Amino acid sequence: MKKLQNFVRNWLNNRSQELTDEEEYFQKTNWFTVFTSENEDQIKEETQKLTEVAPGSPGHVQYWRKAALALSKTLSDTKWQTYVDMAVEWNTKGVPKDVQIKWVNIIFVVRLL
């Protein structure tokens with residue numbers, strides 16, 4: 001049994017892929033993240049139109065996602081490309097400080113609830 005375990009361990013170790021690229025460890029920002037960050041107020045208004053559920057309630061999140069998707073489908077090709085370009089910029093230069101602060105504040109408030 002010990003030989004079998006060693007054989008399997010060696011076989012797995014020889015075929016495992018090592019993450020050598022530093023970028024593989026970090027989450028990439030996509031155009032939808034940029035879109036939702038830039039249009040947060042419009043998404044909130046659209047969410048209120050879709051539901052009577054109060055913000056912060058468990059059912060509110062699913063309507064927020066529907067509202068964001070509905071607004072994203074109304075984008076023109078040039079506006080969509082603008083968000084794609086901003087996502088590339090955020091991935092290369094980093095997310096702007098004001099957006100980072102806004103995200104941290106949101107996470108902090110959510111954790112307090």
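Exposed means over 50% relative accessible area, buried under 20%, and partly exposed in between (1.4 Å probe, protein chains only). This is a predicted model, in which local features need pLDDT of at least 70, side-chain atom pairs count only at pLDDT 80 or more, and totals for chains, interfaces and linings use all residues. Residues are numbered from 1 along each chain as its sequence is written, and side-chain values use heavy atoms, with hydrogens and water left out.

**Helix H5**
- On one side of H5, Asp77, Thr78, Thr92 and Lys93 are exposed. Helices are DSSP runs (H or I, at least four residues), numbered from the N terminus.
- Buried in H5 are Tyr83, Ala87 and Trp90. These buried residues fall within an arc of 65 degrees seen down the axis, so they line one face of the helix. The arc is taken over directions from the helix axis to the C-beta atoms.
- Gly94 follows H5 and has a positive phi, near 100 degrees.

**Nonpolar core**
- The largest nonpolar core has twelve residues, including Phe32, Ile43, Leu71, Tyr83 and Trp90. Such a core joins buried Ala, Val, Leu, Ile, Met, Phe, Trp, Tyr and Cys residues through side-chain atoms within 4.5 Å.
- Helices H2 (31–38), H4 (60–72) and H5 (77–93) each give two or more residues to this core.
- Beyond four places in sequence, Trp90 touches Thr29, Val34, Ser37, Glu38, Val95, Pro96, Val99 and Trp103 (heavy atoms within 4.5 Å).

**Helix H3**
- In H3 (residues 40–50), the buried residues are Glu40, Ile43 and Thr47. They fall within an arc of 60 degrees seen down the axis, so they line one face of H3.
- The face turned away from that buried side carries exposed Asp41, Gln48 and Lys49.
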